[in-house]
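Good morning, and thank you for coming. Please look at the sequence and the structure while I speak, and follow along residue by residue.

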Amino acid sequence: TLGKSGIQQLGELNLNKANYAYQKLRELDNFSGVFNAPGYNEFVIKCRGNAGDVLAELLKNNIIGGLELGRFYPNKTELENSLLICVTEMMPKSEIDRLVKIMEEM
């Protein structure tokens, strides 16, 4: 339904929004990147504090913050307090900026 150029534009939009969110979150003192590999809609961010607390605070602000990876990889210490965050074309830049602002205040 999108056509050849439409699907390409959609892909580029997803890539750009996810990369924008990832870069903004990596700039915060309490969060860091985990992997250096390119990402598409999803990326992993490491919390210096408890990832569950971060998710709870985001939920108070009506944001589903991501998937706490430590729950599923208990023997992988590099994933402890890490969140898998998804950003797609459906998330406006203003919402990405709101996510970053809330996380910055934690």
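Gly11 has a relative accessibility of 17%, and because buried means under 20%, Gly11 counts as buried. Gly11 is found in helix α1. Please bear in mind that we are looking at a predicted model. Now compare two separations for Gly11 and Glu89: they are 78 residues apart along the chain, and their C-alpha atoms are separated by 8.6 Å.

Let us stay with the helix. Which residues of α1 are buried? They are Gly6, Gly11, Asn14, Lys17, Ala18, Ala21, Tyr22 and Leu25. These buried residues pack against the strands β1, β2, at residues 42-47, and β4, at residues 82-86, and also against the helix α3, at residues 93-104.

How far apart are the end C-alpha atoms of α1? They are 35 Å apart.

Asn14 is placed in helix α1 and has a relative accessibility of 3%, which is why it counts as buried. Setting aside residues up to four places away in sequence, Asn14 touches Tyr40, Asn41, Val87, Thr88 and Glu89.

Val87, from that list, is our next stop. Is Val87 buried or exposed? Its relative accessibility is 1%, so Val87 counts as buried. Val87 is found in the loop between β4 and α3. Again without counting residues up to four places away in sequence, Val87 touches Asn14, Lys17, Ala18, Ala21, Asn41, Phe43 and Ile96. Val87 and Tyr22 are 65 residues apart in sequence, while their C-alpha atoms lie 9.3 Å apart in space.

We turn now to a strand. Val44 is found in strand β2, and with a relative accessible area of 10%, Val44 is buried. What is Val44 in contact with, once its neighbours within four places in sequence are left aside? The partners are Tyr22, Ser32, Gly33, Val34, Phe35, Leu69, Ser82, Leu83 and Leu84. Val44 and Arg26 are 18 residues apart in sequence, and 10 Å separates their C-alpha atoms.

For contrast, consider the other end of the accessibility scale. Glu27 lies in the loop between α1, at residues 3-26, and β1, at residues 31-33. Its relative accessibility is 57%, and since exposed means over 50%, Glu27 counts as exposed. Glu27 and Lys60 are 33 residues apart in sequence, and 23 Å apart in space from C-alpha to C-alpha.

Another exposed residue is Asn62, so classed because its relative accessibility is 71%. Asn62 is placed in the loop between α2, at residues 51-60, and β3, at residues 67-68.

Most residues other than glycine have a negative phi. Phi of Asn62, however, is near 60°, a positive value. Phi of Asn81 is likewise positive and near 60°, and Asn81 lies in the loop between β3 and β4.

Let me now step back to the whole chain. How many helices and strands does the protein chain have? There are three helices and four strands. Read from the N terminus, the elements run α-β-β-α-β-β-α. The radius of gyration is 14 Å, close to the 13 Å that the globule rule gives for 106 residues, so the chain is as compact as a globular protein of that length. Along the principal axes, the C-alpha atoms fill a box of roughly 45 × 30 × 20 Å.

Of the 106 residues, 33% count as buried. The accessible surface comes to about 6800 Å², and 52% of that surface belongs to carbon and sulfur atoms. Among contacts between residues at least 6 apart in sequence, 59% join residues at least 24 apart.

Finally, the charges. The protein chain has 12 positive and 14 negative side chains. The centres of these two sets lie 3 Å apart.

Thank you for your attention.

Notes: Residues are numbered from 1 along each chain as its sequence is written. This is a predicted model: local features need pLDDT of at least 70, side-chain atom pairs count only at pLDDT 80 or more; totals for chains, interfaces and linings use all residues. Side-chain values use heavy atoms; hydrogens and water are left out. Helices (H or I, at least four residues) and strands (E, at least two) are DSSP runs, numbered from the N terminus. Buried means under 20% relative accessible area, exposed over 50%, partly exposed in between (1.4 Å probe, protein chains only). Contact means heavy atoms within 4.5 Å. The expected span of a helix is 1.5 Å times one less than its number of residues. The radius of gyration is taken over C-alpha atoms; the globule rule is 2.2 Å times the number of residues to the power 0.38. Accessible areas come from the Shrake-Rupley method with a 1.4 Å probe; for residues, only the protein chains shown count as cover. Lys and Arg count as positive and Asp and Glu as negative; His and the chain ends are not counted. The place of a charge is taken as NZ of Lys, CZ of Arg, CG of Asp or CD of Glu.
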